[in-house]
Amino acid sequence: MSRIVLYYTFIPLSDPEAVRLWQHTLCRELGLRGRILISPQGINGTVGGEIKAVKQYVKQTRAYAPFADMAFKWSEGAAEDFPRLSVKVRPELVAFGVPEEIEVDERGVVGGGEHLQPQQVHDLVEHKRSQGVEVAFFDGRNAMEAQIGRFKNAVVPETETTRDFIAELDSGKYDHLKDQPVVTYCTGGIRCEVLSALMRRRGFEEVYQIDGGIVRYGETFGDQGLWEGELYVFDSRMNTRFSEQAKTLGECVCCSAPTSTFYNCMDRGCSTLKLYCEEHRHIPETTRCENCQARLEQDPDDPNAGALGKVRRA
Ligand SMILES: [Zn+2]
Ligand SMILES: [Zn+2]
């Protein structure tokens, strides 16, 4: 029997490299695989393996005082779901590109948005509405993920990577939200711990974040609440739904047919993902992204082109 655990905590770590060595050794000894990021701001990991080994991992990790109160979320899965064990030190736990802006203390990120439980999200929306004020939902993920699912009427920033958020926030595009209640959300909550603090620093006055992110919200309300569509996930499934009632919001880039399935650009080494219907995903010419198409027109003999006509689900 195997399982995965997911966890993060924002807490000051004075010697991230020592934590990295310890965590790497611990995982190797227990036969775990996965991905762990360590920074002066804390730790974020997903590891999988035999249940007994994972339990041992949790116990030993919690034995280190800064991690004693960290929550571990258990999930189906195994070591084989990960290509290898990767334990790295980075300046930031979430790569917004502004480590100097984020202050972390014993209680977490300083100046972040108020945490809301799923029911409190609904309470807030109703309470504000009774005062004639609409709550804005602000998507803290990469824009692509919102193509298949998002909170109803959510604001979706134009972001390809996490680093794009700073330019988006500083562009003035969202300044009309600065005196409105804003609920930030992301997959599991970790990004919004930082994003909500970055927004408050920039003058967004009333910022909230959903504790546990879309995942926790979906466990509570499924498709019966304010969420709409499917959830993009970072494993081989790519997308998941909370119930059979989930709407299909995504559209094939060729024909606009409804779909929730992302496929990789057909060229080797390109990781661009786009939505395709069953029919168009089998046509190689349509599953090459614009960048690769342009490159191919420059160099028709490009050995990466086509990658043997492989059209794979990433
Ligand atoms: Zn199509
Ligand atoms: Zn491409």
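These are legends for a handful of close-up views of a predicted model. Residues are numbered from 1 along each chain as its sequence is written, chains are lettered from A and ligands numbered from 1 in the order in which they are written, and side-chain values use heavy atoms, with hydrogens and water left out. Since the model is predicted, local features need pLDDT of at least 70 and side-chain atom pairs count only at pLDDT 80 or more, while totals for chains, interfaces and linings use all residues.

View 1. Five residues from domain 1 and nine residues from domain 2 make up the contact, where contact means heavy atoms within 4.5 Å.

**View 2. The zinc ion (ligand 1) and its donors.** Four protein atoms hold this ion at 2.1 to 2.4 Å: Cys 252 (SG), Cys 255 (SG), Cys 277 (SG) and His 280 (ND1). Donors here are N, O and S atoms within 2.8 Å of the metal (3.2 Å for Na, K and Ca), and with water not among the atoms, sites may look incomplete. The donor atoms subtend angles of 99 to 114°, so the arrangement is tetrahedral. That label asks for all angles of four donors to lie between 85 and 135 degrees; four count as square planar and six as octahedral if opposite donors are over 155 degrees apart and all others between 65 and 115, and anything else is irregular. Along the sequence, the donor residues run C-x2-C-x21-C-x2-H. Distant parts of the chain are linked by Cys 255, in the loop between strand E15 (239-240) and strand E16 (262-264), and Cys 277, in the loop between strand E17 (273-275) and helix H8 (290-298), 22 residues apart. Helices (H or I, at least four residues) and strands (E, at least two) are DSSP runs, numbered from the N terminus. Cys 255 is partly exposed at 37% relative accessible area, whereas Cys 277 is buried at 9%. For the cut-offs, buried is under 20% relative accessible area, exposed is over 50%, and partly exposed is in between (1.4 Å probe, protein chains only).

**View 3. The zinc ion (ligand 2) and its four cysteines.** Cys 265 (SG), Cys 270 (SG), Cys 289 (SG) and Cys 292 (SG) coordinate this ion at 2.2 to 2.3 Å. The angles among the four donor atoms are 105 to 115°, and the site is tetrahedral. Their spacing along the chain reads C-x4-C-x18-C-x2-C. Cys 270 sits in the loop between E16 and E17 and Cys 292 in helix H8, so the pair ties together parts 22 residues apart in sequence. Both Cys 270 and Cys 292 are buried.

**View 4. Gln 209 and its surroundings.** Gln 209 belongs to strand E12 (residues 206-210) and, at 2% relative accessibility, counts as buried. The Gln 209 side chain reaches the backbone nitrogen of Glu 193 at 3.1 Å. Leaving aside neighbours within four places in sequence, the contacts of Gln 209 include Gly 112, His 115, Leu 116, Thr 184, Cys 192 and Ser 196.

**View 5. Helix H7 and what covers it.** Gly 213, Ile 214, Tyr 217, Gly 218 and Phe 221 are buried in helix H7 (residues 213-221). They cover an arc of only 130° around the axis, so they sit on the same side of H7; the arc is that of the directions from the helix axis to the C-beta atoms. An α-helix has 3.6 residues a turn, so residues three or four places apart point the same way. The cover over the buried residues of H7 includes helix H3 (118-130), strand E10 (149-151), strand E11 (181-185) and E12. Val 215, also in helix H7, is partly exposed at 22% relative accessible area. Not counting residues up to four places away in sequence, Val 215 touches Lys 73, Thr 187, Leu 231 and Phe 242. Just after H7, Gly 222 takes a positive phi of about 50°.

View 6. Most residues other than glycine have a negative phi. Asn 153 has a positive phi, near 60°, and sits in the loop between E10 and helix H5 (164-170). With a relative accessible area of 78%, Asn 153 is exposed. Ser 256 has a positive phi of about 70° and is found in the loop between E15 and E16. At 45% relative accessibility, Ser 256 is partly exposed.

Terms used
A polar contact is a pair of N or O atoms within 3.5 Å; within protein, one must be able to donate a hydrogen and the other to accept it, and residues adjacent in sequence count only if both atoms are side-chain atoms.
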